[in-house]
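Subject: Structure for you to look at

Dear colleague,

I am handing over the structure below, together with some notes on what was found in it. Please read the notes with the coordinates open beside them.

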Amino acid sequence: MAERACIKRLQKEYRTLCKEPVSNVVACPSPNDILEWYYVLEGSEGTPFAGGYYYGKIKFPPEYPYKPPGISMITPNGRFATQKKICLSMSDFHPETWNPMWSVSSILTGLLSFMMDNSPTTGSVSTTVEEKKRLAKASLAHNCKNQLFRKLFPVYVEKYNQQQQNAEQFISEQTLLGRETFRSGPLNTVGGDGTKVEGKDREETANDARNRRQIKKFPFWLLLLLASVFGIVMALPLLQP
């Protein structure tokens, strides 16, 4: 059971976080246990984690703030193993370096900074930049499958739903555009000289092409016969006495 000083401290920190939000960091205690907090870190721009939303857990000891908490991450991220404690100077891996002045906001700000780094530690994993980017894109959808996440962070659930609606609208618009293009033909085509042709010019180019194909299909022997007949007709006056 948490000590009274611990409860008062955590309640105060939660009020402070609500009044003074920290950039790229959101956190709140569990409705059933104030010693159990959950957080979301937003990946920093210019890093492989950009666009990612990383959900995790902080477990405070009853003696907090005089003893450090345990920190773990739930969302697959390519930097830390999931559901395993992460070794930080602000975590229970290093009680000798813990400072009682540190708070939830400073802990999570330090975790986010360390996440953007590549330094190995207990609980870290090694993955490629491409894998981190892939996991970042999939992170919000992964989180929204978690019932507790949906309950604690409805703002992110709403963001995910909006993303889904935008994606569906984009697909619908592209499908409609594809159907219209199929019925009317491509807006731009290329003429025989390699230049783009538009509108009526495009129709004329298509007609010219059909005419050329029809000429090519005209029998060559018939052309020779017509030329011979024409030559004879023209020569008849010369043959008369």
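The strands form an open sheet, four in number, in the order β1-β2-β3-β4 and with antiparallel pairing. The edges of this sheet are β1 (25–30) and β4 (70–73), each of which pairs on one side only, and from one strand to the next the twist averages 25°. Please keep in mind throughout that this is a predicted model.

Helix α1, which spans residues 4–19, packs on the sheet and touches β1 and β2, with its direction making about 30° with that of β2. As background, the strands of a sheet pair through backbone hydrogen bonds, either parallel or antiparallel.

Taking the pairs in turn, β1 and β2 are joined by a hairpin through two residues, and they pair in the antiparallel sense over six bridges. Within this pair, Cys28 stands opposite Tyr38 in β2.

On its other pairing, strand β2 (residues 33–42) runs antiparallel to strand β3 (residues 53–59), and seven bridges connect the two. How much of β2 is covered? Seven of the ten residues in β2 are buried, so that the strand is mostly covered by the definition of under 20% relative accessible area.

Is Ser103 buried or exposed? Ser103 counts as buried because its relative accessibility is 17%, and the cut-off for that term is under 20%.

As to what surrounds this serine, the side chain of Ser103 makes a polar contact with the side chain of Ser105, at 3.0 Å. If residues up to four places away in sequence are not counted, Ser103 touches Arg9, Glu13 and Tyr64.

With best regards

How values were computed
Residues are numbered from 1 along each chain as its sequence is written. This is a predicted model: local features need pLDDT of at least 70, side-chain atom pairs count only at pLDDT 80 or more; totals for chains, interfaces and linings use all residues. Side-chain values use heavy atoms; hydrogens and water are left out. Two strands pair if DSSP finds at least two bridges between them. Axes are lines fitted to C-alpha atoms, for helices over the stretch in contact, and angles run from 0 to 180 degrees between N-to-C directions. Contact means heavy atoms within 4.5 Å. Buried means under 20% relative accessible area, exposed over 50%, partly exposed in between (1.4 Å probe, protein chains only). A polar contact is a pair of N or O atoms within 3.5 Å; within protein, one must be able to donate a hydrogen and the other to accept it, and residues adjacent in sequence count only if both atoms are side-chain atoms.
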